[in-house]
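Here are my notes for you as you look through this structure. Keep the 3D view open and find each residue as you read.

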Amino acid sequence: MAIIFIEYNHRVQPHCTTEEAESDAEEPSLGALKRCLQQTDAAGADKERVGALMRVMTLASESDVGRACMLQLGFLPVLLQLVFHAPSPMPSRSHTEVDELALQCALSLMPSSAASPQLGCLNMLKNEASLASFVRLLERGRGRTKAGLCRLLETVATAAETRELALVAAASPRVWQALMPLLQREGPPALNAHASEAAVRAVAAICATEPARGSAIHHGAVGALFKHLSWASAKNGGAVSSALAAVEALAASEAGRRAVARYPGAMQALVRHVFMMSSSNYGSEHAVAALLAVCRESRAARSEAAGAGVVTQLLLLLQSQCGTRANAKAGALLKLLKSM
């Protein structure tokens, strides 16, 4: 079956060699598509780019071979350049469409392995202008664009090739200022639900790295995470678990523990998530670990957790089929509370 620029059938292997990719590029195919995306601004350029991006999306969604070939031919950095270009003095609807489509195409080509060297092209965001463009889109883009940028930020925070960039992003006040409203789901719910969930996962990934935690705490991540937990549905286990993982990571530092202990309703919120029947045990484990970290250093926090019914919740968790680590942490917290 012929699919956009390359010949594809079910007998083709799911990986594309460099020689095969270069062969495809010599025909009026992927090479021409890439050149179209690289052309400088000119009359009608945006319209041609939109058509080319639609073809990239189709090929990426229908063909593993297509994705492999486009990755090896360097489509990913080209797409990222399209997204994070210098702002147009008079942005048009077509410019916005190119930005959004190019971002979705880049995400569709993103390697799934955090160890992939091809993720090194994301380091273009170390450039001050490119990072400023990223923040501008995160502040002003539509819901789908914001969600995509948060997915990109999560990749940056976890990829081996972008460790330095992750620290640059975590140290940027503007990145946090753009992320915090998403965590709190400000704006129309239907517009921001997906962006908010993606933002929580991005923040959890950033906070997994110790050097980034101070900046997260300084910019109000603790309060924003608890505001997220205040409306997040228990059915949405993935986002809730990510928010709790971020709280646990922040509570590993003294400043984070103080911030959690001071935030109104934080202990009650954590207690509510100790026994989560409708989600994975990971959320419960994160909640118990955060409670344990804070309660170890604060008698007031222990009293507040006990008053919120933490003992009952811990006993329910221990009677369930929770994991070994959750079980151990729950036991340690119960022992600590008995010593009050």
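The points below cover a cavity, the aromatic pairs and one arginine.

1. A word before you start: this is a predicted model. Please keep that in mind as you go through the points.

2. Let's begin with the inside of the protein. The structure holds one cavity of 30 Å³ or more, and the space in this largest cavity comes to about 40 Å³. Its lining is made up of Leu125, Leu131, Phe134, Leu153, Val156, Leu165, Ala169 and Val175. Helix 7 (128–140), helix 8 (143–158) and helix 9 (163–170) are the elements that each give two or more residues to that lining.

3. What classes of residue make up the lining of the largest cavity? Eight are nonpolar, with no polar and no charged residues.

4. Next, the aromatic rings. Searching the whole structure turns up two aromatic pairs. One of them joins Phe84 and Phe134: the ring centres are 5.9 Å apart and the planes meet at 45 degrees, so this pair is tilted. Phe84 sits in the loop between helix 5 (75–83) and helix 6 (93–109), while Phe134 belongs to helix 7, so the pair ties together parts 50 residues apart in sequence.

5. Phe226 is in helix 13 (residues 221–231) and Tyr263 is in the loop between helix 15 (254–262) and helix 16 (266–272), so parts 37 residues apart in sequence are tied together. Phe226 is buried at 4% relative accessibility, whereas Tyr263 is partly exposed at 24%.

6. Finally, take a look at Arg257, which lies in helix 15. With a relative accessibility of 15%, Arg257 counts as buried, because the cut-off for buried is under 20%. Leaving aside neighbours within four places in sequence, Arg257 is in contact with Leu250, Ala251, Ala252, Ala293, Val294 and Glu297. For Ala252 there is a further detail: its backbone oxygen lies 3.1 Å from a polar atom of the Arg257 side chain.

Technical notes. Residues are numbered from 1 along each chain as its sequence is written. This is a predicted model: local features need pLDDT of at least 70, side-chain atom pairs count only at pLDDT 80 or more; totals for chains, interfaces and linings use all residues. Side-chain values use heavy atoms; hydrogens and water are left out. On a 1 Å grid over the protein atoms alone, a cavity is a set of points where a 1.4 Å probe fits but cannot get out, and a pocket is an open set with protein on both sides within 12 Å along at least five of seven lines; lining residues have an atom within 4 Å of a point. Grid points are joined across faces, edges and corners, and a volume is the space filled by probe spheres set on the points. Helices (H or I, at least four residues) and strands (E, at least two) are DSSP runs, numbered from the N terminus. Ala, Val, Leu, Ile, Met, Phe, Trp, Tyr, Cys and Pro count as nonpolar, Asp, Glu, Lys and Arg as charged, and the others, Gly among them, as polar. Rings of Phe, Tyr and Trp (its six-membered ring) pair if their centres lie within 6.5 Å; planes under 30 degrees apart count as stacked, over 60 as edge-to-face and the rest as tilted. Buried means under 20% relative accessible area, exposed over 50%, partly exposed in between (1.4 Å probe, protein chains only). Contact means heavy atoms within 4.5 Å. A polar contact is a pair of N or O atoms within 3.5 Å; within protein, one must be able to donate a hydrogen and the other to accept it, and residues adjacent in sequence count only if both atoms are side-chain atoms.
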